[in-house]
Amino acid sequence: KPKPGKRSPSYRIVTREVDGEQKKFRVLKKLVVLDFEKLCFTVSHEMGAGYRYTARPGLKQFIEELNKDYEIVVWSEEDQVFIGHVFMEYYLNDSGLSRTDKQSMENAQRLMAEGKGPGLTATFGRESLVLTWGGAKKDLTYLNRPLDRVLAFETKPDRTVQEESTFYMTPFDGNPEDNEMFILKHYLKHLAGMEHEASVETIEKDGHVTPHLKWYEQNRSNIDTLIEQDKERIEEKKKARADRQKMRKLGGIAPF
């Protein structure tokens, strides 16, 4: 069994009313664990190009907007270093990464060494799994956080030792219209904004029915509007990035 992680916990500042006055408190961040395969990325194989990883729509925005209120960890059955490279390449170019793309791998490794990255608290690979009678699983105690502050999201059962802290999402099959990451983002924002912090026990669970989808059904009209706004902002950022790259190729000065 691997040794527990030693990373110090992170806190966020919340403002609450006490005796008629607004006071600030330091609150331990919840930790969100995302599975890499089929939840964050899907993998495809191209003859002559090898395996390519395609990100779920909204993944970058999910990380950028939630890392202020949550610690975000990605855990995979792949090699930890390679997972870091995949996320770095996605962070830079909104694209997947091929195992045979040596230049992208080297560029990602250089930026990681400089301390730049996509905003993840940590990535864990197969070397951090534990062997059980049911096969290799993720032991959430390895994260060195109170389990009532950990929310693990998977796409299939029996992937974690602590099933009571695990919730299930629909696997990503490469559909560019997939909205699950947007819905989960707004759901977790809702939890972070609640006056009384929600623990795992307060989230209703029903087999493989993802709890945030239940919440989405109850708030469909508002959330659909927010998702459309999310996608418009993403397209605007992509267009601005393409314009900057075009200006640089033409020898002009690209605005930042």
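## Helix α1, tucked in

Leu59, Lys60, Gln61, Phe62, Ile63 and Leu66 are the buried residues of α1 (buried means under 20% relative accessible area, exposed over 50% and partly exposed in between, with a 1.4 Å probe and protein chains only). That is 6 of the 8 residues of α1, so the helix is largely enclosed by the rest of the structure.

This is a predicted model, where local features need pLDDT of at least 70 and side-chain atom pairs count only at pLDDT 80 or more, while totals for chains, interfaces and linings use all residues. Residues are numbered from 1 along each chain as its sequence is written, and side-chain values use heavy atoms, with hydrogens and water left out.

## How α1 meets α4

Two packed helices are described by the angle between their axes and the distance between the axes. For α1 (residues 59-66) and α4 (residues 180-193), the axes come within 9 Å and cross at roughly 15 degrees. That makes α1 roughly parallel to α4 (angles under 35 degrees count as roughly parallel, over 145 as roughly antiparallel, 65 to 115 as roughly perpendicular and the rest as oblique). Axes here are lines fitted to C-alpha atoms, for helices over the stretch in contact, with angles running from 0 to 180 degrees between N-to-C directions.

On the α1 side, the contact is made by Leu59, Gln61, Phe62, Glu65 and Leu66; α4 brings Met181, Phe182, Leu184, Lys185, Leu188 and Lys189. Contact means heavy atoms within 4.5 Å. Sorted by type, the residues of this contact come out as 7 nonpolar, 1 polar and 3 charged (Ala, Val, Leu, Ile, Met, Phe, Trp, Tyr, Cys and Pro count as nonpolar, Asp, Glu, Lys and Arg as charged, and the others, Gly among them, as polar).

## The cores

The largest nonpolar core has 37 residues, and Leu34, Phe41, Phe87, Phe153 and Leu188 have the most contacts inside it. Such a core is a set of buried Ala, Val, Leu, Ile, Met, Phe, Trp, Tyr and Cys residues joined through side-chain atoms within 4.5 Å. Its largest share, 8 residues, comes from α4. Apart from it lies another core of 12 residues, including Leu31, Phe124, Leu129 and Ala152.

## Tyrosine 91 and the whole chain

Tyrosine 91 sits in helix α2 (residues 80-93) and is partly exposed, at a relative accessible area of 31%. Its C-alpha atom is 10.0 Å from that of isoleucine 63, 28 residues apart along the chain.

Overall, the chain has 6 helices and 11 strands (DSSP runs numbered from the N terminus: H or I of at least four residues for helices, E of at least two for strands). Buried residues make up 43% of its 256 residues.
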